[in-house]
Amino acid sequence: RRVHLALALLDGVRSGQPLGALLGYRLERGLHEGHPGLALDRYIAALRGLAPLDAITAADHELRVATERQQAAAQVLGQLRQQHTAATATDASLKQQIAGLQPQFDTAKEEADSLNAQLASARTQLTQLLNGRPGGFPANLVWRDQVLAAQVQVAFLEPQAATANRTRDNLKANLDSLRNQQLMSAAQVAALNQQVTNQVEEVESAQAAVDAAQALLDELRAS
């Protein structure tokens, strides 16, 4: 780490920057970033007053700070855009799955409704027959045949209706789950979209600071 620091300082000196400015820059950066939870930035102005930089060195320092801010903001923007792209793709996939599952649910619901209606009708008919047993022969034999036929019909429809209801309910549960996921996904996309918009403004602001710092430095060097 010390070797790395020494090499960085040598590079700065070779580029024409005073060693004092380089050390002061690292000191200010350390006060700003190196002590989480401690507000040490307030000492920077006092330290600058004790060891003021010349105009060109100060402008170069401001350019470095502005450039680091711009680079950090651009990196965050890139990450947010990647997250936004991934979230958008997930949202589109969920919408596609919902669109594919909806017709299956509609068909299953229609089939279940139809079988339930048939079963209800067969049960009603059986109940009416059981409550209306005739007396005498041969009406009693006819009645028994009708009851048997109604019982067979109910026994035939009950498992079909149960299967259709399970299929409908399973499809509905899957569809509801996908819709809930898509709602959360859409909210995430909207939130990331706003974050990207805000970060673009931050990048533009940081770039404007870089341009201003560079213009000032160029002006001072030209004078």
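**Helices α4 and α5 in a predicted model**

In this predicted model, the axes of helix α4 (residues 55–131) and helix α5 (residues 139–222) come within 2 Å and cross at roughly 170°. The axes here are lines fitted to C-alpha atoms, for helices over the stretch in contact, with angles running from 0 to 180 degrees between N-to-C directions. That crossing makes α4 roughly antiparallel to α5, a label that goes to angles over 145 degrees. Sorted by class, the contact of α4 with α5 takes in 46 nonpolar residues (Ala, Val, Leu, Ile, Met, Phe, Trp, Tyr, Cys and Pro), 28 polar ones (the others, Gly among them) and 15 charged ones (Asp, Glu, Lys and Arg).

Ala 92 sits in helix α4. Its relative accessible area of 43% makes Ala 92 partly exposed, that is, between buried (under 20%) and exposed (over 50%), using a 1.4 Å probe and protein chains only. Ala 92 and Ala 186 are 94 residues apart in sequence, with 9.3 Å between their C-alpha atoms.

Overall, the protein has five helices and zero strands, running α-α-α-α-α from the N terminus. Helices (H or I, at least four residues) and strands (E, at least two) are DSSP runs, numbered from the N terminus. Of its 223 residues, 26% count as buried. Among contacts (heavy atoms within 4.5 Å) with a separation of 6 or more, 79% involve residues 24 or more positions apart.

Residues are numbered from 1 along each chain as its sequence is written, and side-chain values use heavy atoms, without hydrogens or water. Local features need pLDDT of at least 70 and side-chain atom pairs count only at pLDDT 80 or more, while totals for chains, interfaces and linings use all residues.

How values were computed: Parallel < 35°, antiparallel > 145°, perpendicular 65-115°, else oblique.
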